[in-house]
Amino acid sequence: MTIAQLRAFLLALELGSFTAAASELGMTQASVSELIARLERELGVPLFTRGGRRLVPTAAAVELRPHAEQAIGAIRNGVETVRSLTALEGGTCTFGVLRNAAYYALADLAETFHYRHPNVRVRLTGINSALVARSIARGEVEAGLVVLPVEENGLSIRPLFRDEVLYASAQRPASAGAVTIDETADAKLVLYDAFAGWDDPTRRQLLERARLRGLQLEPAIEVEHVETALSLVASGAADTIVSRTIAESDAFPEGIRTFPFAEPMYDTIALVQREGVVLSPATQQLAELAERMLLESVSEHGGRTPLV
């Protein structure tokens, strides 16, 4: 099995034809067809059903896809590592950051790194932690900062600090005390990270607590950004949950009160990379810078629990 075969396979799968894959690779259609045929002979199973205007992948092709993507990603990372060996004078670093990175003093991460290493191309992805972890596992991103829990298969996880999760409301009396999961399940909630949904690590914790009590937990409103959710909370439309870091930021809306959970809940921020994979020098430098900036922010503001 060769990298050329896997590249041809992935392109044929994505584009739906050997002709389109050949055009993308700068090869003839016959060459791509032969690469796929040899791969099928090695595997002992067909990967596509031929006929019609578009290739139809078999079950074997669907199963092979993530492994092929990981193999191609590993080769790409290896090439970038070799290219960037000399004093970070080139190469590309790929790194995933927290969706709410600005609240954790990471807004200047790209600018600081670029100032120090202007010849390195930087690609930062700021999506939900569940999606960052998935991209790292697939080899699409080298490393990143995530909120736990995430799926750990094939990942090396280094917890950095814990950030308490609080209940936020403009209507709940200040004297009401800690919030139970029963009250949370009965409340009208607006939750953010709508695209990730219940894959979101913080939401997963909340949902698990509700299920252990035999409760249903359904938000009345779902939005993508925490700022939108907080705007709705400030208007009295619904309640939400936020980390202590967000609650204590200058941007937190006035009039919203925060309460601890009766059983305290925490976001654990961690540095994640693929197991057994050596980071490229550029990404290693960026990861170390991100960790340093994050932990400095934690020590300055207090109220958090460092884990390193």
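Mentor: Start with the lining of the largest cavity: by class, it has 10 nonpolar, 5 polar and 5 charged residues. Keep in mind that this is a predicted model.

Trainee: OK. What volume does the largest cavity have?
Mentor: About 250 Å³.

Trainee: And which residues lie nearest its centre?
Mentor: Asn 100, Tyr 192, Asp 193, Thr 202 and Asp 267.

Trainee: Is Asp 193 buried or exposed?
Mentor: Buried. Its relative accessible area is 5%, and the cut-off for buried is under 20%.

Trainee: How many cavities of 30 Å³ or more are there?
Mentor: The count comes to 2.

Trainee: What lines the second largest cavity?
Mentor: Asn 77, Val 141, Glu 142, Arg 274, Val 277 and Leu 279. Those divide into 3 nonpolar, 1 polar and 2 charged.

Trainee: Switching to helices. At what angle do α1 and α3 pack?
Mentor: About 110°, with the axes 9 Å apart. Helix α1 covers residues 3–15 and α3 covers residues 29–43.

Trainee: So what do we call that arrangement?
Mentor: Roughly perpendicular, because the angle falls in the 65 to 115 degree range.

Trainee: Which residues make the contact?
Mentor: From α1, Ala 4, Gln 5, Leu 6, Ala 8 and Phe 9. From α3, Val 32, Leu 35, Ile 36, Arg 38, Leu 39 and Glu 42.

Trainee: How does that contact split by class?
Mentor: The α1 contact with α3 has 8 nonpolar residues, 1 polar and 2 charged.

Trainee: Last topic, peptide bonds. Which residues does the cis bond join?
Mentor: Leu 148 and Pro 149. Omega there is about 10°.

Trainee: Where is Pro 149 placed?
Mentor: In the loop between β5, residues 143–148, and β6, residues 155–169.

Conventions
Residues numbered from 1 in each chain as written. Predicted model: local features only at pLDDT ≥ 70, side-chain atom pairs only at ≥ 80, totals over all residues. Heavy atoms only, no water. Axes fitted to C-alpha atoms, helices over the stretch in contact; angles between N-to-C directions. Helix = DSSP H or I, 4+ residues; strand = E, 2+ residues; numbered from the N terminus. Parallel < 35°, antiparallel > 145°, perpendicular 65-115°, else oblique. Contact = heavy atoms within 4.5 Å. Nonpolar A, V, L, I, M, F, W, Y, C, P; charged D, E, K, R; others polar. 1 Å grid on protein atoms, 1.4 Å probe; cavity = no way out; pocket = protein on both sides within 12 Å on 5 of 7 lines; lining within 4 Å. Points joined across faces, edges and corners; volume = space filled by probe spheres on them. Buried < 20%, exposed > 50% of the residue type's maximum accessible area, 1.4 Å probe, protein only.
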